[in-house]
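Q: I'm new to this one, could you walk me through it? I'd like to look at it first and then ask about a few spots.

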Amino acid sequence: MPKNKKYDNESISALKGADRVRLRPSVIFGSDDLNGCKHSFFEILSNSIDEAREGYGSVITVTRFADNSLEVIDEGRGIPLDYNPKEERYNWELVYCELYAGGKYNNLESGNYQYSLGLNGLGACATQYASEYFEVSVYRDGFHYELSFEKGKNIGGLKKTAYKGSKRGSRQKWRPDRDVFTEIIIPLDYFKQVLRQQAIINAGIRFHLIDEASGESWDFVYPEGIKGHVEELLGTTGLTEPYYFTGEGRGRDRKDKEDYQVKAEICFAFSNDNPGIEYYHNSSWLEYGGSPDRAARSAFVAVLDSLAKEQNRYQAEESKISFRDIEDSLILVISSFSSFSSYENQTKKAINNRYIQAFLSDLIRENFHVWVIEHQKEALIILDQVLVNKRSRERAESQRRNLKKKLSGQIDNIYNRVDNFVDCRSKDVNRRELYIVEGNSALGSVKMARNAEFQAVIPLRGKILNCLKASYTQIFKNDIIMDLIKLLGCGIHLEGHSKLKDVPDFNIDNLRWDKIIICTDADVDGFQIRTLILAMFYRLTPQLIEEGKIHIVESPLFEISHQAGKDQKTYFAYSDREKNGLLDKLKTGKVHVQRSKGLGENEPEMMWITTMNPDTRRLYQVYPEDADSTFEMFDILLGNNLEGRKAYISEHGHRYMDMLDVV
């Protein structure tokens, strides 16, 4: 240890004020990236939801401004901001400047918020501290209150003026701070998803979303709540009708703890076309579930296992069904509420209350058992389907243990096991092209636009795993990646990883395609998916890049129609710069500029000209300059080199402004 380093009583220090959040946002929001920024927004939204749930207002308005600032307006009672004699401080200081201060700690006694989403007294204060600016406007008690903060510091104190109107509620507007979060541009789709989820869970509350940049707005409201959502997911091809039930209970997690209230509403149905499971607690989506997930697993397995034994449906020495076999055909939404919640952390992605787990497990088991008795015919159909799922899974797991044989098997058999893959007719490897597109909507457009003789298509189901950070074990459990590897046919480069001996070594002679073409939307999400796919090839099949087998096809941003007299022509521009250049040339006649839609919404004729036709498409071959620079760039884009990524954005970000304009 260097001699000049001291560690004594003066070495200990504590973060104070805004620095508690600004210098350590990950502690409060789970991360300092876009996910943390999203969570800071949800903390403010959740407080307005709590008000509406208690019956104060039925409309919550969220605005996403062009400069990435955000606003939440509710019709609640208004945040108390005036002087608090009990605390001998102003409430605005407690709400916006004190962590662990709020009106929801004594829920069991006060009854203000029996079932509250915002619980820990962190949200409003933490989000304020993490903002470039934060403005508050409140109408309550015959007054209009106003507050303003900049980078965590109050500007001008509390402004209070008399107000005789009928307006009530709170308005909070802020801009997340780039000094706190590495990214503050929250995609529009995130707001649509979150507000739709909240409308589902909070029946009858209307969520109004305004997007200033596009000038569009949306309303999300579900009068029947989760039952309406399950019906929506089920469509017309379900195996059963939705079954909805509720329950309430009171208990404690440990003998030395106090009792708390729990209530839940649950709806399930069975479908092979659109299964899915969603857990919510106090209106917050539980990404990892926790107690509700464990309850659902034990309850559904217990009832169906008992039914299988009762009906002698198991084969000799066959293992019992698991929840994996059930969830392949299950639509389930659980929305629970409790007056006390034990979240795994402040991001509220899972709860671990023991009583909630026991309560939900009993509630589901009892009601599902009743459903089985009352719907015997449907129950046996479901049981048979679950057993089919189970036996298919067991066969698939057996096949995966012999991955080398699976990857080198017959082409037709492999293709039949890849969902939604659309093959081409030609078997000539020197002609065959594999288009990798994002999602089934893009699959439909590309499928209609392609030349079926030599162009095949495979859609990705969501964003691909980041192979630069994932372990080989995680990679080989990822069905999206395994499907792509199966289709390539050339194996994987696994030098130095003998423990994965079942995976065949890479052999480019077994590649079944002349070109592998990445085809994504020309927006930020599309660029990210493209980069993740490239990272997969770089990690698993780097020789495909070295041999020039990987390509990127560009899709246009603008469609420009030009009419001069009787002549009409259509041009396509792939950037704002190119569009402006075309417009400068087309100075006579009528010109109509239309921003191109995503791949899934484009017309087949346009797709053929711009994306599929070898004579007119813009196809770029991916080829590395050298190994060191390739590794350095991937590490900056997707690796753990956070400082390098910040420096790269600072130095080169201006080069990508056209891409930002697409959003």
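Q: Helices first: is the crossing of H9 and H11 left-handed or right-handed?
A: In this model, which is a predicted one, the crossing of H9 and H11 is right-handed. Helix H9 covers residues 291-310 and helix H11 covers residues 354-374, and their axes come within 8 Å and cross at roughly 30°.

Q: And which residues of H9 and H11 make the contact?
A: On the H9 side the contact includes Ser291, Pro292, Arg294, Phe300 and Leu307, while H11 contributes, among others, Ile356, Gln357, Leu360, Arg365 and Phe368. By type, the residues of the contact of H9 with H11 are 14 nonpolar, five polar and two charged.

Q: OK, switching to strands: in what order do E23, E24 and E25 sit in their sheet?
A: The three strands form an open sheet in the order E24-E23-E25, with antiparallel pairing, and the twist from one strand to the next averages 15°.

Q: Why is one side of E24 and of E25 left without a neighbour there?
A: Strand E24 (567-573) and strand E25 (590-595) stand at the edges and each has a single partner strand, so one side of each has no neighbour in the sheet.

Q: How many bridges join E23 to E24?
A: Strand E23, residues 558-564, is joined to E24 by seven bridges, and the two run antiparallel; Ala564 stands opposite Asp567 in E24.

Q: Last one: which helix lies across those strands?
A: That is helix H20, residues 576-585, which lies across E23, E24 and E25 and runs at about 155° to E24.

Technical notes
Residues are numbered from 1 along each chain as its sequence is written. This is a predicted model: local features need pLDDT of at least 70, side-chain atom pairs count only at pLDDT 80 or more; totals for chains, interfaces and linings use all residues. Side-chain values use heavy atoms; hydrogens and water are left out. Axes are lines fitted to C-alpha atoms, for helices over the stretch in contact, and angles run from 0 to 180 degrees between N-to-C directions. Helices (H or I, at least four residues) and strands (E, at least two) are DSSP runs, numbered from the N terminus. A crossing is left-handed if the near helix is turned anticlockwise from the far one by less than a right angle, and right-handed if clockwise. Contact means heavy atoms within 4.5 Å. Ala, Val, Leu, Ile, Met, Phe, Trp, Tyr, Cys and Pro count as nonpolar, Asp, Glu, Lys and Arg as charged, and the others, Gly among them, as polar. Two strands pair if DSSP finds at least two bridges between them.
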